[in-house]
Amino acid sequence: SFGNLFITALSAVTGSFEQALVESSLVLAIRGRVLPSTLANVTLTADLRETSTQSMRRVAGESAIPEREGAIERIFLQPDDAPAYPEAIQAILSADLIVIGPGSLFTSILPNLLVRGIAEALRSSTALKIYVCNVATQRGETEGFSVQQHVKSIERHAGSGLFDVVLANDKMPSLPPDSSFTYVEVESANGTGKHLIRSAALIDDKRPWRHNSVQLGKAIMDLLADQGKASK
C-alpha cells in the first residue's frame with residue numbers, strides 16, 4: 001500500500017522508523033500522534049491449515065498470509081520477544097478511552113497485541129476499552145467469522161481482559177449473490193462470554209464492507225458517556 005511505501009521511503013531518508021513516523025505525521029497534517037507498537041524488526045508468521053489435506057503450512061510475511069489457501073490456525077511474531085515502544089505503553093496507561101480496531105484481524109490488529117508488553121498494558125489500563133469488530137468478513141482471514149469468533153481469536157492469541165465492550169454492526173442490507181464478502185453477525189443476543197456486546201447501524205451505505213466513520217464515532221462516544229453516567 002502507499003502508506004507502507006511512504007513510511008519505508010521516509011525511514012531511508014531520516015535514518016530511523018521512529019523519525020519517519022514523526023515526519024509522516026507532519027507531512028500528512030495528522031491530528032494527534034502515531035506511535036509504533038515496537039521499533040524492532042519483526043516478521044509476522046502464520047500456521048495455516050490447508051482445506052483439502054488438513055495439513056499445516058507455515059507462511060511468513062503480512063502480505064503473503066491472506067493470499068495463501070487455508071484457515072489461519074495461529075499467528076506469531078519472529079522474533080517473539082520484540083519489546084514494546086515505551087511511549088506506546090505510556091499512552092495506553094494514561095488513556096481515558098482505548099479503541100481496538102477496526103482492521104484486518106490477523107494481519108493488522110493481532111500483531112500489535114502480540115508485541116511484548118502491549119497486552120499487559122491494556123489489561124492494566126483503567127480506560128474504557130472498546131473492541132470495534134469489522135462489519136464484513138475478509139478473504140483469506142475471516143471468511144464465515146461471527147463477532148464471537150473474532151473475539152475468541154483475539155483471546156486465543158493474546159489472552160483475555162483486553163477490552164470491556166464489543167461494538168458490532170446491526171445494519172445488514174441485502175447483498176448481491178456475487179458479493180465478495182458477507183456481514184459479520186452476532187451469533188446470539190447473549191453477548192460473548194465476559195464481554196458486553198453493543199450494536200448499532202455502523203456501515204457505510206455506499207461501501208457496506210466498511211464502517212461509516214461518523215456513525216462509528218458517535219457510537220464510541222455514546223459508550224464513553226454511558227460509562228461516565230454509570231460511575232457517578
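A46 stands opposite V59, a residue of β2, and in this predicted model strand β1 (residues 43–49) is joined to β2 by 5 bridges, the two strands running antiparallel. Strands (E, at least two residues) and helices (H or I, at least four) are DSSP runs, numbered from the N terminus, and two strands pair if DSSP finds at least two bridges between them. Residues are numbered from 1 along each chain as its sequence is written. In this predicted model local features need pLDDT of at least 70 and side-chain atom pairs count only at pLDDT 80 or more, while totals for chains, interfaces and linings use all residues, and side-chain values use heavy atoms, with hydrogens and water left out.

The open sheet has 3 strands in the order β2-β1-β3, with antiparallel pairing. Because β2 (56–60) and β3 (71–78) stand at the edges with a single partner strand each, one side of each is left without a neighbour in the sheet. On average, neighbouring strands of this sheet are turned by 20 degrees against each other, direction ignored. Helix α4 (residues 105–113) packs on the sheet and touches β1 and β3, where contact means heavy atoms within 4.5 Å, and the direction of α4 makes about 40 degrees with that of β3.

Helix α1 (residues 2–14) and helix α2 (residues 17–27) pack at an angle of about 120 degrees, their axes being 8 Å apart; axes are lines fitted to C-alpha atoms, for helices over the stretch in contact, and angles run from 0 to 180 degrees between N-to-C directions. The contact includes F6, I7 and L10 of α1 and F17, A20 and L21 of α2.
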